[in-house]
Amino acid sequence: MGFRNIKIYNGGLKDWIKAGNKTVSIDALPEYNGKFINADELLKEIQAAEKANCMDADGQNLLTILDLRTEHFLPTEHPIPDIHTACPTLHSLLDDLIQPDARARIPRIGRVVTISETGNRDIFAMRYLSKFGYTNIVGLEFGMRGWIKLNHPIQIRDSISPIRH
Amino acid sequence: MEKYILLSMTCICLLGTSVAAMERFDIVTTHELQQMLEKRSQGDIDFLLVNTLDEIIFRHSAIPGSINLPWSQVSTNAAALGADKNKMIVTY
């Protein structure tokens, strides 16, 4: 793109606030007591759900993975590993959740587990979706990095299922 | 570390050059950014402060005087940065 004078404020919002500086808010997210599960707990939940073909007696999803990693939507030379599961996995940019048609694909019944790169952005997804009544969403502690670190099963998909077309 | 990598990727997109271009990226400290924003408000310098986080996060909380260009959109919405390729851009 040719921009020639780029600098990085590596401290970001976290350091900015820590230093006592003001921030601005256009649309503050509601407070929400978002919960996280760790990679071992998620593995157990996946295994339990898969034993029931990922559905409860009423045919509702027991477990859905909501993968919010941006890298799925960028050009890449290397395949992006996903969590290995037979249960549904939805791929989405965090900002896709702004669109009602995208949110409509997120189940309101059964567990939904958000996946981010390191677990830092999950809380924003939970807080945002709580505005629309979602109470069944938890985050994965330490994100995909934590999953891979424990050598839990991964898979490379031929294609992903974007939540928004 | 992840944040630095993402910011660097954004910068590489903006530069439109190779990974070797990472050597060009200066790091701005909190104190320096405070001073730069002060000078900008006085008209002494001009630069763009670009928040590369998701719009949902930006709207929730951002540094005053910044614009939002999520890094997933850098390649498609670079026009938001203007046409002056020499203008200073500070990303966070």
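Predicted model: local features only at pLDDT ≥ 70, side-chain atom pairs only at ≥ 80, totals over all residues.
View 1. Residues are numbered from 1 along each chain as its sequence is written, and chains are lettered from A and ligands numbered from 1 in the order in which they are written. A:Met144 belongs to helix H5 (residues 143-149) of chain A; helices (H or I, at least four residues) and strands (E, at least two) are DSSP runs numbered from the N terminus. Beyond neighbours within four places in sequence, A:Met144 is in contact with A:Arg69, A:Ile115 and A:Glu117, a contact being two C-beta atoms, placed from the backbone, within 7 Å. A:Arg164 is 20 residues from A:Met144 in sequence and 21 Å away in space, C-alpha to C-alpha.

**View 2. The open sheet of chain A.** Five strands in the order E2-E7-E6-E3-E5 form an open sheet of chain A with parallel pairing (two strands pair if DSSP finds at least two bridges between them). Strand E2 (35-37) and strand E5 (89-91) are the edge strands, each pairing on one side only. Strand E3 (residues 63-67) is joined to E5(A) by 3 bridges in the parallel sense, and A:Asp67 stands opposite A:His91.

**View 3. Helices across the sheet.** Helix H2 (residues 39-51) of chain A lies across E2, E3, strand E6 (111-115) and strand E7 (137-140), at about 135° to E3(A). Angles run from 0 to 180 degrees between N-to-C directions, with axes fitted to C-alpha atoms, for helices over the stretch in contact. H4(A) lies across E2, E6 and E7 of chain A, at about 175° to E7(A).

**View 4. The interface of chains A and B.** In this interface, 36 residues of chain A are in contact with 40 residues of chain B. Strand E1 (6-9), helix H1 (12-18) and helix H4 (122-130) of chain A each supply at least two residues of the side that touches chain B. E1(A) pairs with strand E1 (residues 26-28) of chain B in the parallel sense over 3 bridges; there, B:Ile27 is the bridge partner of A:Ile8. The model scores ipTM 0.91 and pTM 0.87.
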